[in-house]
Amino acid sequence: MILMRGMDSKEKTVVIVGVQRGGTSMVAGVARELGVNLGKNLGNNHEDPEFLSKDLDKIRNVIASRNQSFDVWGWKMPHSSEYLLELLADVRNPFVIVVVRNLLAMTESQMKRSEARFENAFKFSLSRLVQVSSMIPHLTCPTLLVNYEDALSKPQKLIDEMSSFLHLDPTADQITRAVDMINPDVGYRRVSAE
């Protein structure tokens, strides 16, 4: 679902946020297969190590450097939702994608990944979901909400919505590779170029 669609521009920055274990890696993999540069040395979860820091001055320096180097670029980091509103003035033509997943599914995924007890995993996922949802009304830039479960059942719909939202015209090969990224049975996966 598109909340706000921006104008097409030669320059844009794609920011993918959500709750950890909430589908942001899948959406980032799709974006990368559609041709969006989300950085290098990203691994299976498509997170740029330069955005792991919560030091906003460091992140601003990375943003300035990437703006000089790339017309279209972006990053995926679930916890960026904590400080994204503070950074928006530094982000050139931001297009924000917020991924939302069922709370219990995120909790179960947290438990499998970290061996956390249900209470702790649930509390963590819930608090992160509240934080992300409190950010959304304050975004003044183009914003796309992605329903993770809907994307799994209708992969082509996700590809179409992301392509339209980001003003991309992917090739048939890019679309096929992007659809291949939407497979919960496989889990984390690298993009085809890697």
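**Entry 1: strands β5 and β4**

I began with strand β5, residues 143–147, and found it mostly covered, with 4 of its 5 residues buried. I note here that the model is predicted. Next I asked which strand pairs with β5.

**Entry 2: valine 27**

I moved on to valine 27, in helix α1 (residues 24–33). Is this residue buried or exposed? Valine 27 has a relative accessible area of 0%, so I wrote down "buried". I then listed its contacts, leaving aside neighbours within four places in sequence. They are Ile16, Ile97, Val99, Val146 and Met162.

**Entry 3: aromatic rings**

I turned to the rings. A pair of aromatic rings is described by the distance of the centres and the angle of the planes. My count came to 5 aromatic pairs. One of them joins phenylalanine 95 and phenylalanine 165, with centres 5.4 Å apart and planes at 70°. The cut-off for edge-to-face is over 60 degrees, so I recorded this pair as edge-to-face. The pair links distant parts of the chain, 70 residues apart. Phenylalanine 95 belongs to strand β4, and phenylalanine 165 to helix α7 (residues 155–165). Phenylalanine 95 is buried, at 0% relative accessible area. Phenylalanine 165 is buried too, also at 0%.

I compared another pair, phenylalanine 118 and phenylalanine 122. Their centres are 5.6 Å apart and their planes at 25°, so this pair is stacked. Both residues lie in helix α5, 4 residues apart, which I noted as about one turn of the helix. Phenylalanine 118 is partly exposed at 38%, and phenylalanine 122 is partly exposed at 27%.

Phe51, Trp73 and Trp75 are linked into a cluster by ring pairs. The charged end of lysine 12 sits over the ring of phenylalanine 95, 5.7 Å from the ring centre.

**Entry 4: helix α4**

I looked up helix α4, residues 103–114, and counted 12 residues. From first C-alpha to last the helix reaches 16 Å, close to the 16 Å expected at 1.5 Å a residue. What caps its N-terminal end? I found asparagine 102 there, with a side-chain oxygen 2.7 Å from the backbone nitrogen of leucine 104. Just after the helix, glutamate 115 takes a positive phi of about 60°.

The buried residues of α4 are Leu103, Ala105, Met106, Thr107, Ser109 and Gln110. I checked what covers them, and the cover includes α5 (118–135) and α6 (148–153).

**Entry 5: glutamine 174**

A polar atom of its side chain lies 2.9 Å from the backbone nitrogen of threonine 171. Not counting residues up to four places away in sequence, glutamine 174 touches Glu33, Leu34 and Gly35.

Technical notes
Residues numbered from 1 in each chain as written. Predicted model: local features only at pLDDT ≥ 70, side-chain atom pairs only at ≥ 80, totals over all residues. Heavy atoms only, no water. Helix = DSSP H or I, 4+ residues; strand = E, 2+ residues; numbered from the N terminus. Expected span 1.5 Å × (residues − 1). Buried < 20%, exposed > 50% of the residue type's maximum accessible area, 1.4 Å probe, protein only. Contact = heavy atoms within 4.5 Å. Polar contact = N/O pair within 3.5 Å; in protein donor to acceptor, adjacent residues only side chain to side chain. Pairing = 2+ DSSP bridges. Phe/Tyr/Trp six-rings, centres within 6.5 Å; stacked < 30°, edge-to-face > 60°. Lys NZ or Arg CZ within 6 Å of the ring centre and 35° of its normal.
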